[in-house]
Amino acid sequence: MEPHPFKIPQSVLVVIHTPALDVLLIERADAPGFWQSVTGSKDHVTESFEATAVREVFEETGLDASAPHHVLRDWALENVYEIYPQWRHRYAPGVTHNTEHLFGLCVPNALPVRLNPREHRAQVWLPWTAAADRCFSSSNAEAILNLPFFQV
């Protein structure tokens, strides 16, 4: 199946964290100072949110969400938000909003990651409250602040 010509306005947000609630943040290459969790859109309309989460985690960090001792949890929450004007050209004409499905990925400790330099320029592991403070997206910060409620 070939990729969709425009970004599909259905995406995932994956908060990668340790049992001690240290959270991985990555800095966008196209927007220095914009720190976030792993995010990404479906490649195909029929791709499940879980498959999107697993794929995006690997593409953006090199981490295998299904590796032993890694626990991917569907938080069964969604955010609907207005797409930033500077990124709307990636979507079909007239698309202004995106639906984002939330996941948490618990890893045993703060693991080294492999960033895709076209997408991200830096990474940091921070305690959950500090990570929430650094996020540029209020919905990403809110997801991180809810992390203790979803802890495995």
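View 1. Strand 2 (residues 22-28) is mostly covered, with six of its seven residues buried. Buried here means under 20% relative accessible area, while exposed means over 50% and partly exposed anything in between (1.4 Å probe, protein chains only). Strands are DSSP runs of E with at least two residues, helices are runs of H or I with at least four residues, and both are numbered from the N terminus. A word on what you're looking at: this is a predicted model, where local features need pLDDT of at least 70 and side-chain atom pairs count only at pLDDT 80 or more, but totals for chains, interfaces and linings use all residues. Residues are numbered from 1 along each chain as its sequence is written, and side-chain values use heavy atoms, with hydrogens and water left out. Back to the strand: seven bridges tie strand 2 to strand 7 (residues 120-127), and the two run antiparallel. Strands count as paired if DSSP finds at least two bridges between them. Look for Ile26, which stands opposite Gln123 in strand 7.

**View 2. The hairpin of strands 2 and 3.** Strand 2 also runs antiparallel to strand 3, joined to it by two bridges. Glu27 has Trp35 of strand 3 as its bridge partner. The two strands form a hairpin with six residues between them, and Gly33 in the turn has a positive phi of about 90°.

**View 3. Strand 1 between two neighbours.** Here's another covered strand: seven of the eight residues of strand 1 are buried. Strand 1 runs parallel to strand 6, with eight bridges joining them, and Val15 sits opposite Gly104 of strand 6. With strand 4, strand 1 pairs in the antiparallel sense over four bridges. Ser11 is the residue that stands opposite Ser41 there.

**View 4. Zooming in on Ser41.** Ser41 belongs to strand 4 and counts as buried because its relative accessibility is 9%. A polar atom of the Ser41 side chain lies 3.4 Å from the backbone oxygen of Ile8. Leaving out residues up to four places away in sequence, Ser41 touches Lys7, Ile8, Gln10, Ser11, Thr52, Arg55, Glu56 and Tyr91. Touching, or being in contact, means heavy atoms within 4.5 Å.

View 5. Follow the chain to Val107 and you'll go 90 residues along the sequence, yet the two C-alpha atoms are 6.1 Å apart in space. Val107 is also one of the contacts of His17 beyond four places in sequence, alongside Asp22, Val23, Leu105, Cys106, Trp125, Leu147 and Gln151.

View 6. Ser37 lies in the loop between strand 3 (35-36) and strand 4. Ser37 is buried because its relative accessible area is 1%. Neighbours within four places aside, Ser37 is in contact with Leu13, Val14, Val15, Leu24, Leu25, Ile26, Asn140 and Ile144. Val95 sits in the loop between strand 5 and strand 6, and at 22% relative accessibility it counts as partly exposed. Val95 touches Pro9, Ile83 and Arg88, again not counting residues up to four places away.

**View 7. The largest pocket.** This pocket has a volume of about 710 Å³. Of the 32 residues lining it, the closest to its centre are Lys7, Arg28, Gln36, Thr39 and Tyr81. A pocket is an open set of points on a 1 Å grid over the protein atoms alone, where a 1.4 Å probe fits, with protein on both sides within 12 Å along at least five of seven lines; lining residues have an atom within 4 Å of a point. Grid points are joined across faces, edges and corners, and the volume is the space filled by probe spheres set on the points. Strand 5 gives the most to the lining, with four residues. By class, the lining has nine nonpolar, twelve polar and eleven charged residues. Ala, Val, Leu, Ile, Met, Phe, Trp, Tyr, Cys and Pro count as nonpolar, Asp, Glu, Lys and Arg as charged, and the others, Gly among them, as polar.

View 8. His69, in the loop between helix 1 and strand 5, has a positive phi near 70° without being a glycine. His69 is exposed, with a relative accessible area of 69%. Ala76, placed in strand 5, has a positive phi of about 55° and is exposed at 61%.

How values were computed. Polar contact = N/O pair within 3.5 Å; in protein donor to acceptor, adjacent residues only side chain to side chain.
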